[in-house]
Amino acid sequence: MSEYRSDLLKLLDERGYIHQATDAGALDALASKQVVPGYIGYDATASSLHVGHLVQIFMQRRLQQAGHKPIVVMGGGTTKVGDPSGKDESRKMLSDEDIAANIAGIRTVFERLLTFGDGPTDAIMVNNDEWLGQLGYIDLLRDVGPHFTVNRMLTFDSVRLRLDREQPLTFLEFNYMILQAYDFVELARRYDCRLQMGGSDQWGNIVNGLELGRRMEGRELFGVTTPLLTTADGAKMGKTAGGAVWLNEDRLPGYDFWQYWRNVDDRDVGRFLRLFTDLPLDEIARLEALEGSEINAAKVALANEVTSLVRGPEAAAAAEATASATFAGGGAGEDLPRLALGPNGMRIGAVLTELGFTASNGEAKRKLAEGAVKLDGETVSDPGAMIVLVEGAEGKLSLGKKKHAILTR
């Protein structure tokens, strides 16, 4: 680890957040002597963020824990354009009403993880539509456009990837990097924001912003990116066979969220404890040193800590109780996902896919053939089997040892 002097860079470094930094020495010196406002932008394309965003959210939590000011920028303006980074195709257009509703949904998780207010280190949430929506297009082209060359823009991974794959990149999306860079300038003007943070895929956009700030305002701005976060088996963080692991309760039940963390690969436990919990580093070192079946205690600690922070302590307690009842006691557990069947029932393969236990009916057939599916403790192997319940009855469906659901009528 590097020898940083500021609490901010020490904390980010020892917990594994730093991948790249622009002039880390100057940022370290600045953070040692004054409050540094720092921002991360989030586009409002859904009503909830997912686990893939969590490392960025926790990075802002660390910023505040180290005595600095988080600025959460909701992309009400840039969402109308669409970030091409990592995308193979254009994003669908959302109405102003959709974007506003999504921002309201997203805000809830930040209110749990950051302290908002009017103090010098209190977090604020702003919407970049406040300034982007007011820009006259000709004014933008005249003031900001000269600082960008098409030659350089074409070298960006987000652009080159789309062109290499012969996927269309609209002129609207091509403007995204200009608008994101302008966000940094506007935040510097309005809030004396000195730092932009983000994932490693945002490095080019961040450098654009700090260079634009230097050219337009003569300001010294900084950027820090986190490593690309994948699980030990190479999968993208926050994606499962059932889809995204959403942070909001209305998009994913608390038990499923808890189970995601309980089921992580043994090799990921220590890293995730450092990134996504506030446990002391010596306690994390003890937990990640556990071996064999004892590592499960570390996974339960991880699941409880993350769920408590993101969903609340009650959600964590309910999920752990359900897991204990389901696995140890053979019971159903109150917090398991539930699926209501109609009077005519549903084929078991379709039920598995509807619950998100399998990604497709084809996968469901394979799991059934492997003998991995049980209904009320009895193995079911026929993909054509119908599950029909009488009025008021319940059934427990299990896939392997870790996925369980309650079926109702």
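**View 1. Helix 10 and helix 11 are oblique to each other in this predicted model.** Helix 10 covers residues 176–191 and helix 11 covers residues 203–217. Their axes come within 8 Å and cross at roughly 55 degrees. Helix 10 passes helix 11 in a right-handed crossing. From helix 10, the contact takes M177, Q180, A181, Y182, F184, V185 and R189. Helix 11 supplies N205, I206, N208, G209, L210, L212, G213, M216 and E217. By class, these residues are nine nonpolar, five polar and two charged.

**View 2. Helix 12 packs on helix 15.** The pair consists of residues 254–262 and residues 295–311. The packing angle is about 140 degrees, and the axes lie 8 Å apart. Helix 12 is therefore oblique to helix 15. The cut-off for roughly antiparallel is over 145 degrees. The crossing of helix 12 with helix 15 is right-handed. On the helix 12 side, G254, F257, W258, W261 and R262 make the contact. On the helix 15 side are N296, K299, V300, L302, A303, N304, V306, T307, V310 and R311. The contact has eight nonpolar, four polar and three charged residues.

**View 3. Helix 13 packs against helix 14.** Helix 13 spans residues 269–276, and helix 14 spans residues 281–288. They meet at an angle of about 160 degrees, with axes 9 Å apart. Helix 13 is therefore roughly antiparallel to helix 14. This crossing, too, is given a hand: helix 13 and helix 14 cross right-handed. G270, L273 and R274 of helix 13 touch the set L281, I284, L287 and E288 of helix 14. Four of the contact residues are nonpolar, one is polar and two are charged.

View 4. Strand 2 (residues 37–42) and strand 3 (residues 69–74) run parallel and are joined by six bridges. Y39 has I71 of strand 3 as its bridge partner.

View 5. Strand 11 (residues 373–375) pairs with strand 14 (residues 394–399) in the antiparallel sense. Three bridges make up this pairing. V373 stands opposite L399 of strand 14.

**View 6. The whole chain gives the setting for the close-ups.** The chain has 18 helices and 15 strands. Its radius of gyration is 24 Å, close to the 22 Å that the globule rule gives for 409 residues, so the chain is as compact as a globular protein of that length. Along the principal axes, the C-alpha atoms fill a box of roughly 70 × 50 × 40 Å.

Terms used. Residues are numbered from 1 along each chain as its sequence is written. This is a predicted model: local features need pLDDT of at least 70, side-chain atom pairs count only at pLDDT 80 or more; totals for chains, interfaces and linings use all residues. Side-chain values use heavy atoms; hydrogens and water are left out. Two strands pair if DSSP finds at least two bridges between them. Helices (H or I, at least four residues) and strands (E, at least two) are DSSP runs, numbered from the N terminus. Axes are lines fitted to C-alpha atoms, for helices over the stretch in contact, and angles run from 0 to 180 degrees between N-to-C directions. Angles under 35 degrees count as roughly parallel, over 145 as roughly antiparallel, 65 to 115 as roughly perpendicular and the rest as oblique. A crossing is left-handed if the near helix is turned anticlockwise from the far one by less than a right angle, and right-handed if clockwise. Contact means heavy atoms within 4.5 Å. Ala, Val, Leu, Ile, Met, Phe, Trp, Tyr, Cys and Pro count as nonpolar, Asp, Glu, Lys and Arg as charged, and the others, Gly among them, as polar. The radius of gyration is taken over C-alpha atoms; the globule rule is 2.2 Å times the number of residues to the power 0.38.
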